[in-house]
Amino acid sequence: RTDPMVPIFPVGRSRRLAAFRGDLADGPIQLAGDYMNAPWIEAAVVSGQAAAARLDRELQSSAGTRAR
């Protein structure tokens, strides 16, 4: 067995991740994973939901453009 471990972010990592996420644009290719928030399964889920929302906006936008 190994001892339980807790990931520790270096100072400023959360701020850099937030800035990176803020720069993500809607588009046909999206990034998702625990590395986008924090190294826990919940972070992976939240990241996937955010990527799906960006992709949905992209698809809705492109569908509206084609309908015109």
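1. Gln30 touches Ala25, Ala51, Arg54 and Leu55, residues up to four places away in sequence not being counted; contact here means heavy atoms within 4.5 Å. Gln30 is found in the loop between α1 and α2. Helices are DSSP runs (H or I, at least four residues), numbered from the N terminus.

2. The model is predicted: local features need pLDDT of at least 70 and side-chain atom pairs count only at pLDDT 80 or more, whereas totals for chains, interfaces and linings use all residues. Residues are numbered from 1 along each chain as its sequence is written, and side-chain values use heavy atoms, with hydrogens and water left out.

3. The side chain of Gln30 has two polar partners to note. A polar contact of 2.4 Å joins it to the side chain of Arg54, and a polar atom of the Gln30 side chain lies 3.0 Å from the backbone oxygen of Ala25. A polar contact is a pair of N or O atoms within 3.5 Å; within protein, one must be able to donate a hydrogen and the other to accept it, and residues adjacent in sequence count only if both atoms are side-chain atoms.

4. Arg54 is placed in helix α2 (residues 41–67). Arg54 is buried yet has no salt bridge, and the nearest side chain of opposite charge, Asp26, is 5.4 Å away. Buried means under 20% relative accessible area, exposed over 50%, and partly exposed in between (1.4 Å probe, protein chains only). A salt bridge requires a side-chain nitrogen of Lys or Arg within 4 Å of a carboxyl oxygen of Asp or Glu. For charge, Lys and Arg count as positive and Asp and Glu as negative, while His and the chain ends are not counted.

5. What does Arg54 touch, not counting residues up to four places away in sequence? The residues are Leu24, Ala25, Asp26, Gln30 and Leu31.

6. The side chains of Asp26 and Arg57 form it, at 3.2 Å, N to O. Asp26 lies in the loop between α1 and α2 and Arg57 in helix α2, so the pair ties together parts that are 31 residues apart in sequence. Asp26 counts as partly exposed because its relative accessibility is 36%; Arg57 is partly exposed as well, with a relative accessible area of 44%.

7. Leu31 is found in the loop between α1 (13–22) and α2. With 37% relative accessibility, Leu31 counts as partly exposed. Together with Phe20 and Tyr35, Leu31 makes a nonpolar surface patch of about 290 Å². Patches are made of residues with over 30% relative accessible area and no salt bridge; like charges are joined within 9 Å and nonpolar side chains (Val, Leu, Ile, Met, Phe, Trp, Tyr) within 5 Å. Accessible areas come from the Shrake-Rupley method with a 1.4 Å probe, and for residues only the protein chains shown count as cover.

8. Pro28 also lies in the loop between α1 and α2. Pro28 is exposed, with a relative accessible area of 69%, and touches Leu55 and Glu58, not counting residues up to four places away in sequence.

9. Arg16 is in helix α1 and is partly exposed at 48% relative accessibility. Arg16 and Gln30 are 14 residues apart in sequence and 18 Å apart in space, C-alpha to C-alpha.

Definitions and conventions. Helix = DSSP H or I, 4+ residues; strand = E, 2+ residues; numbered from the N terminus.
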